[in-house]
Amino acid sequence: MNAPVNRQWVVARSPQSGGLTHDGGLALSADVFGRAESAVPEPGPGEVLIRAMWFSPDPMNHAWVRGLPGKFDAIPEGGAMKGGIAGRVIASNHPDWKEGDGVTGFLDWQDYIVCDGTDHLGVPLQHVPEGVSLASGLATLGMTGLCAWLGMTEIGKPRPGDTVLVSGASGAIGSIAGQIARLAGARAIGIARGPAKCEMVRSLGFDDVIDALSGDLTTLVAAAAPQGVDVFFDNVGGPMLDAALANLAHGARVVVCGATAHYAGPTPVTNHLMLAMKGATMAGFFYFDHVARWAAGRERLATWLADGRIKEALDIAEGFDSVPQAALSQFNGGSSGRKLVRIADDPYDVTAAHRAG
């Protein structure tokens, strides 16, 4: 029988090799992704061997190719792509891990990974709780679910009766953020693009949805929130941020979580003076500055997911070869919900809910 091969995605060309912008433009394109193969590694003392089964395409992939000043260096040309993974421990010399444990972390995008228990961002690998699928461990209990929880609970702080507006509501973070707002007793309004995405957002229990393609966005927000927006959870920036700023209620809180409108280059925002006029605050957060809060967030999100108070929207691509297209879809509007790539079946799968038909 042939020995298993360790497939790997690598950076085929880096920003330093030319052709990629340094002025805020996208660093990801199809030809940035290259393939490599190697033998399956073996864990040494204090290490675990993980069989990756899910990859998580995120804007982080873009940041990792470009580098993020003060946070982490760009991946060098020929280096392994890095990103969120979920998998199973298949061999362990580490006291905290045993064979069969579900695990998530930011590691190399390859079939088999050796790790000392700490991922590429210096964060301990995370256990996927028993009874939770690997997909959910990477989605609702992963970075996107925790970003939604952190942004809402630490900055937005919705109260009963508040009106909460969420941009990118059909996306991985926005779809959870609006549901958390509703659990706090607030009225949740989502902004999405096109009828299909708007319908998906409605299915998650949002009170109202604005189709960003259906007219002047400032006017649409005013109609949906006639008393003003108390909390704006922003994943997009650009014109959506401007429209929200024009419709803030007095004392509003603006949560800066992402800015997908700016990934392709600078996009002006002109209504920032409304922060002063409305006595509002605007604050952002960096996910990895809040490691101490992750456990509490996972516990809360796991409870909400288990009892059905949060619905999970997954957009699953199948197979190792689908990675480049899946990673690029986050920038071109080609996905709804949490984009994941399944590269292998999980023999410990607790549910068939995530299996493609």
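C198 has a relative accessibility of 3% and therefore counts as buried (under 20% relative accessible area, with exposed over 50% and partly exposed in between; 1.4 Å probe, protein chains only). The model is predicted, so local features need pLDDT of at least 70 and side-chain atom pairs count only at pLDDT 80 or more, while totals for chains, interfaces and linings use all residues. Residues are numbered from 1 along each chain as its sequence is written, and side-chain values use heavy atoms, with hydrogens and water left out.

The closest cysteine sulfur to that of C198 belongs to C257 and lies 20 Å away, too far for a bond. With a disulfide defined as a pair of cysteine sulfur atoms within 2.5 Å, the count is zero. C115 is likewise buried, at 4% relative accessibility.

Helices (H or I, at least four residues) are DSSP runs numbered from the N terminus. The buried residues of helix 3 include C147, W149, L150 and I155. K157 follows helix 3 and has a positive phi, near 45 degrees.

The second largest pocket holds about 180 Å³ of space. Its lining comprises 13 residues, of which R88, D101, G102, V128 and E130 are the closest to the centre. A pocket is an open set of points on a 1 Å grid over the protein atoms alone, where a 1.4 Å probe fits, with protein on both sides within 12 Å along at least five of seven lines; lining residues have an atom within 4 Å of a point. Grid points are joined across faces, edges and corners, and the volume is the space filled by probe spheres set on them.

Note on methods
Helices (H or I, at least four residues) and strands (E, at least two) are DSSP runs, numbered from the N terminus.
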